[in-house]
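Work through these exercises with the sequence and the 3D view open. Try each task before you read its solution.

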Amino acid sequence: MRGGGAGAGLSERLRGAGGLTVEERWAVALLDPEAPTPPDLTSWNGSDPGQRFAVYRNNVVVSLVESLAQTFPVTCELVGEEFFRAMGREFVRARPPRSTLLARYGEGFAEFVDGFPPAASVPYLADMARLEMHCLAALHAADADPAAPQVLEAALREPECLPALRLRLHPSLRCLRSEFAVFSLWDAHRGELEISQVNPLAAECGWILRSGLEVRLLPMCAGDCDFVEALARGNSFGEAAEAAAGDREFDLGRCLATLLRWGMVTSVNGIK
Amino acid sequence: MNRKVTPAALALAFSTAVTLAASPALAAGDKDKGDKEKCYGVALAGKNDCKAGPGTTCSGSSNRDYQGNAWKYVPKGTCKEIPSPTSPTGKGQLQPFQEKG
C-alpha cells in the first residue's frame with residue numbers, strides 16, 4: 001500500500017466509497033471472494049497484485065477452516081470432510097475470529113450449525129459442535145488444585161455446617177444437556193463404543209472436564225447437571241442438593257464422589 | 001421441583017462421597033504419572049502432551065498425526081501395542097524416531 005500523498009489529508013485519502021478505511025476494505029475483501037482486489041496494492045517484483053491477493057485470501061479461509069476441523073473432529077466425521085469444509089467456509093466468512101488466539105476459535109459455531117439449513121438432516125450436529133466446543137474450553141481452562149482431603153474430613157466433623165457449605169468447582173468443569181446421545185456418539189467416533197449400540201435419538205446429559213492434561217467426557221444424569229450448575233451459581237451444598245433432588249436418578253453421594261475423584265472440588269468454605 | 005433434603009441426608013451423602021473418592025478402586029490415577037509412560041508416534045496432530053519440532057517442548061505443538069518426535073502419556077506397558085502408521089515397527093515407541101516415508 002502506498003502512503004498518503006501531499007495535499008488531501010491522510011484520513012480523507014484512506015476513506016474510499018462507503019466510508020471504509022483501507023484496512024476495513026482489505027478485511028472485507030479478504031473474506032468475500034466476489035469483492036474486488038483492494039486498490040493501491042503493489043507487489044515488490046511486478047507480479048499481478050490481484051493474483052497474489054487471491055492466494056492470500058484463499059489461505060486465510062483455508063487455514064481458519066482447518067482450525068475448525070481440528071477443534072470439531074467428530075462434528076466433521078458426522079457429515080464428512082467435504083460438507084464440513086463447505087459449512088466451515090460459510091462460518092468463517094460470517095464469523096471471522098475476533099481474537100488473535102486461533103486456539104480458541106469456534107465460539108458461535110454450534111449456533112451457526114443450528115441455523116444452517118443443509119445440516120438440518122443431522123439433528124444432533126449442533127449439539128456435537130457444542131460438546132466439542134466445551135472440550136476446547138475445558139482444555140484451555142485455568143488450572144486449580146483439588147481441595148485437600150483434610151478439609152473434607154474437617155467438614156464431616158461439623159455436620160451442622162454442611163447445608164450452608166460452599167464448594168468451589170474446577171474451572172474446566174462444564175455441563176451439557178442434549179436431546180440426542182452426543183456423549184455416546186462422541187465415544188463411538190473415538191473408537192470407545194460400538195456405533196451399532198448407540199441410539200442417537202436418546203437424550204443424554206453429562207460433564208466435560210479436564211483432569212491433568214486430558215479432557216474427559218462423563219455421561220451423567222440430569223440431576224448431576226442441576227447440582228453442578230447450582231454450585232456454579234454460588235448456591236450452597238444444601239441448596240444444590242435440593243435443586244437436583246427433582247431427578248429420581250440423582251444420587252448425591254455418587255455425584256459428589258465423582259466430583260472428588262476427578263479433583264473437581266477445589267475449595268470448601270463455611271466450616272467453623 | 002425442589003424437594004427438601006434433610007441435613008442427615010446431606011451428612012450421609014457427604015461421608016459416602018469422601019469414602020468412595022478415597023477408595024483405591026475409584027481413585028483417578030491421572031494425576032500420578034507413575035503408571036504412565038511417554039509414547040512417541042501415537043499422538044494425533046495438536047494432541048501431543050509434549051516435545052515436538054526442533055527446540056520446542058510444547059503440549060499440543062505437533063502438526064501431523066502420529067508425528068515421530070511427539071509423545072503422549074499412555075498407561076504403562078501399552079505403548080508398544082498402539083498402532084502408529086508412521087513408525088518403522090508399526091507401533092508406538094518409547095524413544096523419538098524417524099518417521100518412515
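**Exercise 1.** Are α2(A) and α3(A) roughly parallel or roughly perpendicular to each other?

Solution. This is a predicted model: local features need pLDDT of at least 70, side-chain atom pairs count only at pLDDT 80 or more, and totals for chains, interfaces and linings use all residues. Residues are numbered from 1 along each chain as its sequence is written, chains are lettered from A and ligands numbered from 1 in the order in which they are written, and side-chain values use heavy atoms, with hydrogens and water left out.

Step 1. Find the elements. Helices (H or I, at least four residues) and strands (E, at least two) are DSSP runs, numbered from the N terminus. Chain A has 12 helices and five strands.

Step 2. Take the geometry. Axes are lines fitted to C-alpha atoms, for helices over the stretch in contact, and angles run from 0 to 180 degrees between N-to-C directions. α2(A) and α3(A) pack at about 70°, and their axes are 8 Å apart.

Step 3. Classify the angle. Under 35 degrees counts as roughly parallel, over 145 as roughly antiparallel, 65 to 115 as roughly perpendicular and the rest as oblique. α2(A) and α3(A) are therefore roughly perpendicular to each other.

Step 4. Name the touching residues. Contact means heavy atoms within 4.5 Å. α2(A) contributes A:W26, A:A29, A:L30 and A:L31, while α3(A) contributes A:F53, A:Y56, A:R57, A:V60 and A:V61.

**Exercise 2.** Describe the largest nonpolar core.

Solution. Step 1. Buried means under 20% relative accessible area, exposed over 50%, partly exposed in between (1.4 Å probe, protein chains only). A nonpolar core is a set of buried Ala, Val, Leu, Ile, Met, Phe, Trp, Tyr and Cys residues joined through side-chain atoms within 4.5 Å.

Step 1. Count. The largest core holds 50 residues, and A:F84, A:M87, A:F109 and A:L131 have the most contacts inside it.

Step 2. Find its sources. Elements of chain A that give two or more residues include α2 (22–31), α3 (49–71) and α7 (125–140). The largest share, nine residues, is from α7(A).

Step 3. Zoom in on A:F84. Leaving out residues up to four places away in sequence, A:F84 touches A:L68, A:A69, A:F72, A:T75, A:C76, A:V79 and A:F109.

Step 4. Look elsewhere. A second, separate core has 43 residues, among them A:L152, A:L218, A:M220 and A:V228.

**Exercise 3.** Why is helix α11 of chain A largely enclosed by the rest of the structure?

Solution. Step 1. Count buried residues. Six of the eight residues of α11(A) (residues 237–244) are buried, so the helix is largely enclosed.

Step 1. List them. They are A:F237, A:G238, A:A240, A:A241, A:E242 and A:A244.

Step 2. Find the partners. These residues pack against β1 (166–169), α10 (222–232) and α12 (252–261) of chain A, together with α1 (7–22) of chain B.
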